[in-house]
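Please consult the sequence and the structure while reading.

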Amino acid sequence: MHGKKIWIGGLPSDTSDGELERLCEKYGKVIDVHIRTSPRDRFAFVQFEDDAQADDAIRALDQTKFNHCTIKVSTANPAGSRGPDRRPMRGDRDRRNGSRPRRRSPSPRRNSRVRSFRRSRSGSRRKVFRLKVEGMPPDMDGPELKEIASNFGAVSFVSTFTERGVNCATIELSREDDARHVLKELDNRRISGSGGCRLSCFRQW
């Protein structure tokens, strides 16, 4: 049985199969790479041997920099069509059936602040310990930060973003002692080769 296929969009125009394979093989065995080009985008489908490896790649690579471009990564459509997996919403199904979409009353959960929990594979909710990192060098990406942080704890997820012109990242861990150790080691840490840049790290749980 083949593993999960992921979709990667926003690729540079000169991206090769080999470059993508090297990027993705950090997270598991890659069994197929297929690059396509549309009038608006250059994207690819990458298939992993194992579903869990594909999920790791999605979490680590989505909204990160690849050859100076911000890429988008998600699960591919089951049929392998373009773009991420998008299922029709209730209103779309109702319109196709000729009926008016039903309105839902506002859910308190949707309006509440995002909680620091994720759902495990068994369906139970587990606590997530989240750190925010600021002051990253412009050339540092999510996988590089994850590699550094993993020296001090079991990191489950890293995403990078820009806030008010400052390069930032979110790091998620499942153990509080690991999160505290990463926090201690990354805060005020000097990054070599970045002109004396120092990271700032804050807890968010």
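## Basis of the report

The model is predicted: local features need pLDDT of at least 70, side-chain atom pairs count only at pLDDT 80 or more, and totals for chains, interfaces and linings use all residues. Residues are numbered from 1 along each chain as its sequence is written, and side-chain values use heavy atoms, with hydrogens and water left out.

Strands are DSSP runs (E, at least two residues), numbered from the N terminus. Two strands pair if DSSP finds at least two bridges between them. A residue is buried when its relative accessible area is under 20% (1.4 Å probe, protein chains only).

Strand β3 spans residues 42–48, and six of its seven residues are buried, so the strand is largely enclosed by the rest of the structure.

Strand β1 (residues 5–9) pairs with β3 in the antiparallel sense over four bridges. Strand β2 (residues 30–37) is also antiparallel to β3, with seven bridges, and a hairpin of four residues joins β2 to β3. Q47 of β3 stands opposite K5 and also opposite D32.

Strand β10 (residues 166–173) runs antiparallel to β8 and is joined to β8 by six bridges; here T170 is the bridge partner of K132. Strand β11 (residues 200–203) pairs with β8 in the antiparallel sense over four bridges, and R203 in β11 stands opposite L131.

Note on methods:
Buried means under 20% relative accessible area, exposed over 50%, partly exposed in between (1.4 Å probe, protein chains only).
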